[in-house]
Amino acid sequence: MHNADVRDAVRSYAADIALALSVHRGVDPALVWPDTEPCGLLDGLATHAAARLAAAPPEPVPAALVPAGPEAGPLAGFLGEALGCAVTARYGYAPPGVPGRELLADGDLLVIPVDRGCDCSVHPPARPDPLRMRLLKGEVLYVPRDFALRVSGRHASSPLLVITFPSPGVPGVRSSGSRIRTPAP
C-alpha cells in the first residue's frame, strides 16, 4: 500500500472508533469492531509494544504503562482530532491468568489488543456485577473514567495499546452535541 492509502485506512479505523464514542462517551462502556484494520498497523504496534515493554524498568506497581512512540502517532492524532482533545498513547499488557491487572487512567480510555486477545472485566460504579468480555486483536473497548477495568491474557501475555483522553465535562473538551467528529480526509 502507498502512504496515502495507509493514512486513509488509519483514518477510517479512527472514524469507526469515533462513531461509537459519539454515542457512548462519558456514559457507558462500548465494544467497537472497526470495519477494517489498516494493513500492518496492529502488527507494527505489537512489535513496538513488545520492544518498549521489554526495555521498561521492572514495574513498581502492577498497572504501569509505558509511553508509545511515534508509531502510534497517526492513530492517536486522528483520534485526538475527532475527539477535540489531546490523547495519550501508551503500551501495557494483559498478563495470563485471573484476576488480571487493573488498568488505571485519569480519564476515559480505549484498550486495543495489538496481538492475540485478552479478557476484560469492566466494573461499573456502584454495581456489584462486572461486565465480562473477550477482546480479539484489533477490537476496541471504550471505558469511561468512573468504571474500573481489569485485563488478562487468555494463555499468554497480550500487548495492548491504551489510549487515554479527558472525560466529557473536563475543561478543554468540547461539550456540544457535536463534540465527536469524523476525522477530515
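Predicted model: local features only at pLDDT ≥ 70, side-chain atom pairs only at ≥ 80, totals over all residues.
Residues are numbered from 1 along each chain as its sequence is written, and side-chain values use heavy atoms, with hydrogens and water left out. Local features need pLDDT of at least 70 and side-chain atom pairs count only at pLDDT 80 or more, whereas totals for chains, interfaces and linings use all residues.

We can begin with the charged pairs. With a salt bridge taken as a side-chain nitrogen of Lys or Arg within 4 Å of a carboxyl oxygen of Asp or Glu, the count comes to six. One of them joins the side chains of R11 and D8, at 3.2 Å from N to O. Both residues belong to helix α1 (residues 3-24) and sit three residues apart, about one turn of the helix; helices (H or I, at least four residues) and strands (E, at least two) are DSSP runs, numbered from the N terminus. An α-helix has 3.6 residues a turn, so residues three or four places apart point the same way. Here, buried means under 20% relative accessible area, exposed over 50%, and partly exposed in between (1.4 Å probe, protein chains only). R11 is buried at 12%, while D8 is partly exposed at 41%.

In the pair D43 and K137, the closest N and O atoms are 2.5 Å apart. This pair links distant parts of the chain, 94 residues apart: D43 is in helix α2 (residues 41-55), and K137 is in the loop between β7 (131-135) and β8 (140-143). D43 is partly exposed at 42% relative accessibility, as is K137 at 34%. A further salt bridge brings D119 and R134 together, with the closest N and O atoms 2.9 Å apart. Because D119 lies in strand β6 (residues 118-123) and R134 in strand β7, the pair ties together parts that are 15 residues apart in sequence.

Turning to the interior, helix α3 (residues 73-83) has L75, A76, F78, L79, G80, A82 and L83 buried. These buried residues pack against α1, α2, β3 (88-94), β5 (108-113) and β10 (158-165). Just after α3, G84 has a positive phi of about 75°.

Of its 33 residues, L75, L110, L161, I163 and F165 touch the most other members. Helix α1 gives the most to this core, with six residues. A second, separate core has 17 residues, among them A94, L103, L135 and V143.

Key:
Contact = heavy atoms within 4.5 Å. Core = buried A, V, L, I, M, F, W, Y, C linked by side-chain atoms within 4.5 Å.
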